Amino acid sequence: MPKPSETQASLIEQVRQIAAGLAQTFAPFCEVVVHDLRDPQHAVLAIHNNLSGRAASDPATELGLARIADPDYPQILANYTNQFADGRPAKSTSIGIRDADGRYVAALCLNVDLTLFRSMRNALEQFTATDASPLQESLDPANAEAIRRRIDQYAASLASSPQLLKADERRALMRELKAGGFLEIRRAMEIAATHLGISRATAYNDISRQ
């Protein structure tokens with residue numbers, strides 16, 4: 001292997017530190033690997049959260065060799081499908097590191113084990129699955145959505161959100177709701193107050209100050 005320049009050595013050392021930080025953040029589900037592309041036969045420089053069974057000084061992967069051979073190879077390949085040696089599915093991201101002359105000298109790779117996440121997804125899908133009911137039922141009071149929709153429309157017209165309306169804007173909104181018959185709906189004040197992010201007492205106070 002040719003003697004590395006001080007600039008390249010400093011660059012790769014920074015990549016090593018970044019890899020160590022990422023590995024601690026995403027442990028234990030994400031393997032983080034630093035490849036030294038200057039020495040393809042012993043490219044694996046550091047490996048954290050080892051999920052692939054590789055070791056330091058292992059050779060470069062096919063992707064690493066392709067990057068070495070082609071300086072125009074994409075610098076970032078994100079979220080591509082991969083697989084560990086034992087068949088576990090993985091999601092990988094590979095980031096090429098160039099030196100000041102534009103040559104690839106290293107790569108930072110992340111390999112996420114999808115096994116647990118797929119199990120979690122299957123469990124959530126099973127938990128949230130529902131069956132068709134012969135009777136249409138809603139746990140939301142009748143016309144509650146109409147109140148929320150009108151509040152959202154009013155706030156949007158002021159380039160705001162319901163929770164950020166000023167007191168005078170909110171009182172004007174309550175006047176509109178009352179005039180439109182929205183407050184005749186069961187639990188209307190509670191629905192409006194919740195959507196506006198205020199207490200029912202504040203909502204009633206806004207009405208009383210009409």
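**View A. Helix 6 is largely enclosed by the rest of the structure, because seven of its nine residues are buried.** The model shown in this and the other views is predicted. The buried residues of helix 6 are A188, M189, I191, A192, A193, H195 and L196. Helix 4, helix 5 and helix 7 are the elements that these buried residues pack against. Just after helix 6 comes G197, which has a positive phi of about 75°.

**View B. The largest nonpolar core has 20 residues.** The residues with the most contacts inside this core are I147, I151, L173, M174 and L183. At least two core residues come from each of helix 4 (144-157), helix 5 (167-179), helix 6 (188-196) and helix 7 (200-208). Helix 6 contributes the most, with six residues. Another core, of 15 residues, lies apart from this one; A23, A106, L108 and L114 are among its members.

**View C. Helix 7 has three named buried positions, A203, D206 and I207.** Seen down the axis of helix 7, these buried residues fall within an arc of 100°, so they line one face of the helix. The exposed residues A201 and S208 are carried on the face of helix 7 turned away from its buried side.

**View D. Helix 5 and helix 6 are included in what covers the buried residues of helix 7.** Residues A203, D206 and I207 are the ones covered. For helix 6, the buried residues pack against helix 7, and also against helix 4 and helix 5.

Definitions and conventions. Residues numbered from 1 in each chain as written. Predicted model: local features only at pLDDT ≥ 70, side-chain atom pairs only at ≥ 80, totals over all residues. Heavy atoms only, no water. Core = buried A, V, L, I, M, F, W, Y, C linked by side-chain atoms within 4.5 Å. Buried < 20%, exposed > 50% of the residue type's maximum accessible area, 1.4 Å probe, protein only. Helix = DSSP H or I, 4+ residues; strand = E, 2+ residues; numbered from the N terminus. Arc of directions from axis to C-beta. Contact = heavy atoms within 4.5 Å.
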